[in-house]
Amino acid sequence: MSFILVTGSSRGIGAAAKAELAARGIEVIGHQTREGDGGNIAADFTDPGAAQTLWDEALDRSDGDIAAVVNNAGLFDANPVERSDIEWLDAWEDTLRINLTAAAQLSRFAVRHWQSRDPGPDGVRGRLVHVASRAAYRGDSPAHWHYAAAKGGMIAMHKTIARAYAAGGILSFAITPGFTDTSMAGDYLDSRGGAGLLADIPLGRVATPEEIGRIITFCALDAPPSMTGAVIDANGASFVR
Ligand SMILES: NC(=O)c1ccc[n+]([C@@H]2O[C@H](COP(=O)([O-])OP(=O)(O)OC[C@H]3O[C@@H](n4cnc5c(N)ncnc54)[C@H](OP(=O)(O)O)[C@@H]3O)[C@@H](O)[C@H]2O)c1
């Protein structure tokens, strides 16, 4: 039995991905910030050592057999430029650490883990799935420089990993959702004028967590190796490129 680690699976997109993977018979190792119900491993990514703790615990639970890692945990907190210098810098550091550095640490642990494993019959040793954002390409609101920078960094990291390790059977996929109907999107829609924002989405609605969960599941289980390095948009045609 192979295991898949999904970060930030307590709610929203991560919870939907966890349910979708479980429905496919996968043993999912979940994660959230603090101890709680549901068996998720607790690790607060504002702590530089938390990704290592999470990885060690996940390896332990899986008996050393993690087939894929989904870097989904993320924070979308406004950081207005009018804040004091130190408040602005603190918020920048937290967002970069949670949304990018922790994902980089986990990706590195996973790559090194897979490098020491034999490939499966399809030549694959392991899969990374990064949940980035449309903001990586389009930028974000004036209070979200840090969020867009972290997601842009995630896409650059993903492409680098895909190119570096494809020959060794280590695959990397990235997903760039637009607005998705979770608490994160609710705060954002409210702060940006609510339903009027939907006018910018030709599909006429935001994405559902289940839709993004299905794309995550596809990348973690089904995407053919030739797709490694791909970035999959899911934004109702609000940003086509
Ligand atoms: N919703 C959107 O519109 C949208 C659009 C584009 C991209 N995305 C991306 O999709 C991913 C999931 O978003 P979502 O909307 O499902 O978010 P969400 O509902 O707010 O859930 C965020 C998840 O990240 C975890 N997390 C937050 N801060 C953390 C920390 N300090 N340490 C460890 N984990 C932490 C949360 O754990 P706790 O429950 O323990 O707090 C939770 O499981 C994120 O990477 C986000 O940037 C979302």
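**A tour from pocket to sheet to rings**

Start by selecting Ser2, Ala67, Val124, Arg127 and Ala220: of the 17 residues lining the second largest pocket, these lie nearest its centre. On a 1 Å grid over the protein atoms alone, a pocket is an open set of points where a 1.4 Å probe fits, with protein on both sides within 12 Å along at least five of seven lines; lining residues have an atom within 4 Å of a point. This is a predicted model, where local features need pLDDT of at least 70 and side-chain atom pairs pLDDT 80 or more, while totals for chains, interfaces and linings use all residues. Residues are numbered from 1 along each chain, and side-chain values use heavy atoms, without hydrogens or water.

Next, colour strand S4 (66-71), strand S5 (126-131) and helix H7 (209-222), which each supply at least two residues of that lining. Helices (H or I, at least four residues) and strands (E, at least two) are DSSP runs, numbered from the N terminus.

Now show the strands: seven form an open sheet in the order S3-S2-S1-S4-S5-S6-S7, with parallel pairing. Strands S3 (41-42) and S7 (231-234) each have a single partner strand, so one side of each is left without a neighbour in the sheet. Pairing takes at least two DSSP bridges; S6 (residues 170-177) and S7 have four. Zoom in there to find Thr176 opposite Asp233.

Finally, select Phe76 and Tyr147, an edge-to-face aromatic pair with 4.7 Å between centres and 90° between planes. Rings of Phe, Tyr and Trp (its six-membered ring) pair if their centres lie within 6.5 Å; planes under 30 degrees apart count as stacked, over 60 as edge-to-face and the rest as tilted.
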